Structures are given as C-alpha cells and as structure tokens.
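Here's a quick briefing to read alongside the structure. Have a look at it before moving on to the notes.

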Amino acid sequence: MKIAVCVSHVPDTATKIKIDTSEKAIDKNGVTYVINPYDEYAVEEALKYKEKFGGDSEVVALSVGGDSNKETIRKALAMGVDRGILLKSENTFDSFGIAKVLADEIKTQGCDLVFFGKQSVDFDNSITGQLTATILGYSCIAVVVDLKIDGDKVIAEREIEGGKEVVESKLPVVITAQKGLNEPRYASLKGIMAAKKKTIEEKAVSTGENHIEMVKLHKPAPKQPGRILGTDSSAVPELVKLLREEAKVI
Amino acid sequence: MANTILAVLEQRENKIKKSSFEVVSTAAGLAKDLGFEAQAVVIGDAVENIQDISKYGITNVTHFKSSELANYSASAYTNIIAEFAKEISAEYLLFSATALGKDLSPRVAVKLDAGCIVDCTNLQAADGNVIVTRPIFAGKALMDVKPKSEIKIISLRPNVFKANDSGSENSTNVVEKSVDNPDLSTKVIEFKKSEGKLDVAEADIIVSGGRGLKAPENFKLVEDLADALGAAVGASRAAVDAGWRPHREQVGQTGKTVTPNLYVACGISGAIQHLAGMSSSKYIVAINKDKDAPIFSVADYGIAGDIFEILPVLTEEIKKIKS
C-alpha cells in the first residue's frame, strides 16, 4: 500500500501574531515554524498503517510551500516516513489551489490512503483534506479519532458536537486526524540521523487562479481590561449581581 | 434564475439546528443587501420544525426527504446539494460552520468549482460582492477576503450571527422532493453521544478548569458550577494533556475556539493558545490565585483568589438565584 501524508509548516502555537506592513501577510520575523500539531497525528497513523500492511508499503510526505517547508518534511522523515516531496509554491492561503496540487501529486504517486491533520493552525481552514479527496474522487472522513481499515472497508469515528459519528466508507480514502487518534511517536536520534539521508524531491507547481482574494489581515480589537472584584469569596455577591444586571448573561 | 442565495440547513434528530436559523436570517439579510432572492434547503426524514424557517426570513424551502438520509452521508448530501444549487443557479451557498457544515461545504465547493470560505464571523455586502471576515491563528488575527469564483460558498461560525425571529406570519412554503438511490458510499452508521450534557462548541455558557485545580477529582467544583449555570464544562490544554479531561473539552488553539455568552475560567492562567480560543466570548470571568495571570487581561470580571474557597460559594449563590 502506498500511503501519503500531507504536512504543513506553521508558526508555533506560542507565537504572538503580528501583521506585516503589506497587511496581507504576517510578520515572519522571529517566528518559529513547526510541523502543524494535527499533522503529527496524521504522520503517526500513516506509519501505523505502513507497519500493519507491511510488504513494500511506503509512506510519502507531501508539503506545499517554500524551501523552509523542508524542515517540516524532515521532521516527518525523522518520525519514520520514507521520503518527501516539496511542492514549491508561494501561494498558500487558498485551500482550493493547495488541494489541486496535492491531488495531482497523490494521483502521480498512486496513493490509496491519504492522511492530513484536521486543520492547519495558521489559516484554520479545516477543508483541505475534503477538497483534495473530492477532486480525486476519493472518499473522505474528517476529524477522525479512531480508524479501522479492513480490506477496502473503512470505519472511522469522527468528532462532532456532542459526541462521535461512526462513519463507514471505503478505499481509496482521505482521513483527517484529530487529537486523540493516537499518541505520536518522538523522532529518535537514529530516526533524525536516518532522515538526513532520505530524499526530498522538489517540484515546482502552480496552484492556478485563486478562488478567493485576500483583502487584508488585521488584529481583533483589544479587549478592555476588566475589573478585579476582590481576592476571596466575599466578592461573589458582587460578581453575581454584575453578571445578572450589567452583563445580563445569567 | 441567477441572483439566488441558498441557505443549506442542518437537521439533527429530525430538528433543524439553532445555528441553521442563524444561516436563514443571514442569508435573508444578504439577499436584501444584494437585491437577491434567498431560499433554503434541508435534507432528512421528517423535519419537525420546518415551518419555523419563515419566521427567520426565508419562505421557500426545498426538503429532500428520505428515511435513508436522516443521518449524514457525505457522498449523498454532496451530490444532492451540488445538483440542487446548479438547478436553481445559486450564486451563494451559506452553511453553518458546524462539524457537518465544515465537512460538507468543501465537497460541494469542488463540484461547483466554488471558493469555500470557512468559519466566517462577519459578512458585508460591497459593490455586488461580499467581504468576509474570518479568524485565523485561532483568533489571534482576522482575515478579510473576497470570493472571486462565480459561485461562492461561505460557512458561518455558530453563535456569532443572530437568528432574528421576525415574528412574520408568513407560512413556510415547503417543496418536498424524493431522493432515488442516494450514493451512500460514505455514511454515518451510528452516533455515540458523549457523557457530558453539553458540548463546549454549542453552549451559551462554559465553565472551564485548568491546572490550578491541582487534581482531576477537583474538577467536581467546576462541574458543580456548570450544573448550576446550565453550562458546558471546558478545560485548558494543561488539564487535557495531564489526562484529567477528554480532548473534546479542550478550549484553545489545538482544541476548540468558542464564543459563548459567558466564559468562566477557573484556575486557568491564560496561555496565549488558550486566550486565542476563548477571548471572543461575550463576557469572561476569571478566578485565579495569581493576580498577574494573563487571563485577567481578557476578563471582564475577575476574582484574584483561591478557587477552592471561591467556587463552592459561587455555586451556592447561583443555585439560590436560579431557584
């Protein structure tokens, strides 16, 4: 089985976001980039299925972006992914364009099982997996916390409001991973050394014309500092009064 | 018949969800601004509150009715919505950015070659187009975008837009359509309800706990207050990573972004990832020992004291006024 895992390269979640002077991008100065947290669950699941299928099964990591994305591909390689492909494009804010180039490459690679993180923690779109699957004509189950594949039958649990949906589908399939799906392995020293020898192929791609036009980025209005009502339970009556009479929320 | 906005509604257990009525009102408002016509579509078996749709501003509703489609089937729903949108030449499709809306809208977008904008928090008509605002980086920044494609798909973050009950006396004009041989290749076969009564993603009030609770059993204090308020229980990443609470309760950048009317943070210091996920709540209360904790910078009201002493008193006080 050929398995693909799509990874994105995002600012660490501890980053304070600043907008640059163009107002169309964030200020990258001093920002640390990491593999998207949800993609670690995707990589882990891809590796688990490679081990399960055995034989000549292979996992390939795909990433759309600039040269620095290689760090994130390298991270996936260090965890145990076999090889990487960087699809070089500077246009990474329209999910539709990203999905198109990923779909093309997945087809070229002949992967029947594809993993994504459920969303990237930069643009928070949470749709690239579904878009890619639909372009490919694959089935897709998103926000998955439990996965079972038996022959070409796929049963997954996905998280929704108030519970989990058990979804039945079949291969070829795109799965988007939610926290809770597994416990991602750490890259061992051996893995990190081995990753240095693995290949990252580079391909120039075009995401085509955007379906969405960026107008501008801005920061939410800062919240007015509130009131500290006290330091112990003697402040409770005042708090309750304010919630009832001023905020009117209880 | 271009110039049509289609509100795509969601039913669960045969009832249209509150967030779908927000979509109805927003679609009706946008149609007015653009000089368009708005109509709605719902897929399901019997839909009990289908007549309520007109109260929120749309009178023409198409109901694709099938007992096989009472539960979500990504494959079948995608085909039905995409075909119907083509049939009526819809230019805008509005969804709610629920689990279902986020799953279905991109699939329909591919079928219609439409731009897909997720989790919109503001929508403004401008020169025959719209400007859509959506949070990025879990709310640390906002992005304004304009759809460029001929057909435009937008999903609205729940609990941000108002469902305006106009008190209209118009009845809802429902056209029922049957569905022959739906494509059920991907379908929900079971729903496992979680134990908690309310989900943080849908609750009007959330009471969250963090590391300041010191031990998982102390979450009882948070649960008691949540019960008294009719609130959902949330948790910080620290509490989830420690194994004290399930991930579905996690609020923040690698959990859920929430916008309740009231958010009560108990023993949460306010890491940047947590603040990103909850600071657009309408009112925030923080109770934390450390008066310099970042959580107080976003709180409307705070008590800088011991949660173990304060929470039981607060719970009793709330019970008193509720009884």
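In which hand, left or right, does α2(B) pass α3(B)? The crossing is right-handed, meaning that the near helix is turned clockwise from the far one by less than a right angle. This is a predicted model, where local features need pLDDT of at least 70 and side-chain atom pairs count only at pLDDT 80 or more, while totals for chains, interfaces and linings use all residues. Residues are numbered from 1 along each chain as its sequence is written, with chains lettered from A and ligands numbered from 1 in the order in which they are written.

**The helix pair in chain B**
- The axes (lines fitted to C-alpha atoms over the stretch in contact) of α2 (residues 74–87) and α3 (residues 99–112) of chain B come within 9 Å and cross at roughly 50°.

**Where the chains touch**
- 69 residues of chain A are in contact (C-beta atoms, placed from the backbone, within 7 Å) with 78 residues of chain B.
- β9(A) gives the largest share of chain A's side, eight residues.
- β9(A) also pairs (at least two DSSP bridges) with β13(B), antiparallel over six bridges.
- In that pairing, A:V167 stands opposite B:V188.

**After α4(B)**
- B:G230 follows α4(B) and has a positive phi, near 65°.

Conventions: Two residues are in contact if their C-beta atoms, placed from the backbone, lie within 7 Å. Helices (H or I, at least four residues) and strands (E, at least two) are DSSP runs, numbered from the N terminus. Axes are lines fitted to C-alpha atoms, for helices over the stretch in contact, and angles run from 0 to 180 degrees between N-to-C directions.
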